[in-house]
Amino acid sequence: MAAPPNFEEDQSTYRTPRFNGQYYGWWKTRMHDFIMVEDSELLDVICDGPFVSTKTSDDPAVKVPTTRKEFNDADHKAIEKNFQAKKILVCGIGPNEYNRISACQSAKEIWEPLQTAHEGTTQVKQSKIDMLTAEYELFRMKDDESIQDIHTWFTSTINELHSMGEIISRNKLVKKILSVLPSS
């Protein structure tokens, strides 16, 4: 999960992190944190989909969507969450990525194609995790590498795994890094 080289974006904590089509894992982590600070319920809307107000009809007893005229204050507030999340996501992407999601009606419909396009399907994502895990397992320090070089590579690999949902315990990480360091 490397950061973009020569990163010069405005570092304001009030501005939505911007995604230009590169470094998706880095942007996803920043966007997740930004959304959580704005309103943690927005992440639920992005992951689970928008709220749909329903009522129970009498014949037969089934749930049916309510009309806008039937919304109460709580319904309005819950529905607004989707639009708040959608606004944050749309403001966080560039024009090329916008073309990918312009017809989407919900924040979930925006998030999922971005995730699939940049992380791949579940099968592709698992293949990437397997590849990174194999790199991690086979990791060795070469004679011409500095400790700084291996630390940078190691951290980048671990962060990439973490961004894909594969978390390695701190204990295992410490053991791994200590096992590859030269005795000197």
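A residue counts as buried if its relative accessible area is under 20%, exposed if over 50%, and partly exposed in between (1.4 Å probe, protein chains only). By that rule, F19 is buried, and so is Y24.

Before going on, note that this is a predicted model: local features need pLDDT of at least 70, side-chain atom pairs count only at pLDDT 80 or more, and totals for chains, interfaces and linings use all residues. Residues are numbered from 1 along each chain as its sequence is written, and side-chain values use heavy atoms, with hydrogens and water left out.

**The overall picture**

Let's zoom out. The protein has eight helices and two strands; these are DSSP runs numbered from the N terminus, with H or I and at least four residues for helices, and E and at least two for strands. Along the sequence they follow the pattern α-α-β-β-α-α-α-α-α-α. The C-alpha trace spans about 75 × 40 × 25 Å along its principal axes. A compact globule of 184 residues would have a radius of gyration near 16 Å, whereas this protein has 22 Å. That radius is taken over C-alpha atoms, and the globule rule is 2.2 Å times the number of residues to the power 0.38. Buried residues make up 33% of the 184 residues.

**Rings that meet**

Now for the aromatic side chains. Rings of Phe, Tyr and Trp (its six-membered ring) pair if their centres lie within 6.5 Å; planes under 30 degrees apart are stacked, over 60 edge-to-face, and the rest tilted. The structure holds seven such aromatic pairs. Here are two of them:

| Pair | Type | Centre to centre | Angle between planes |
|---|---|---|---|
| F19 and Y24 | edge-to-face | 5.6 Å | 75° |
| F139 and W153 | stacked | 4.6 Å | 10° |

F139 counts as buried because its relative accessibility is 5%, while W153 counts as partly exposed because its value is 30%. Elsewhere, ring pairs link F19, Y24, W27 and W111 into a cluster.

Charges can sit over rings too, if NZ of Lys or CZ of Arg is within 6 Å of the ring centre and within 35 degrees of the ring normal. R30 lies over the face of W26, at 4.5 Å from the ring centre. K176 does likewise over Y136, at 5.6 Å from the ring centre.

**A look at helix 7**

How far should the 17 residues of helix 7 span? The expected span is 1.5 Å times one less than the number of residues. For helix 7 that gives 24 Å, and its end C-alpha atoms are 24 Å apart, so the two agree.

The buried residues of helix 7 are I150, F154, T157, I158, L161 and S163. An α-helix has 3.6 residues a turn, so residues three or four places apart point the same way. The buried residues of helix 7 pack against helix 1 (24–38), helix 5 (107–119), helix 6 and helix 8 (170–180), where contact means heavy atoms within 4.5 Å. Just after helix 7, G165 takes a positive phi of about 90°.

Is K142, at 53% relative accessibility, buried or exposed? K142 counts as exposed because of that 53%, and its place is in the loop between helix 6 and helix 7. K142 and C104 are 38 residues apart in sequence and 48 Å apart in space, C-alpha to C-alpha.
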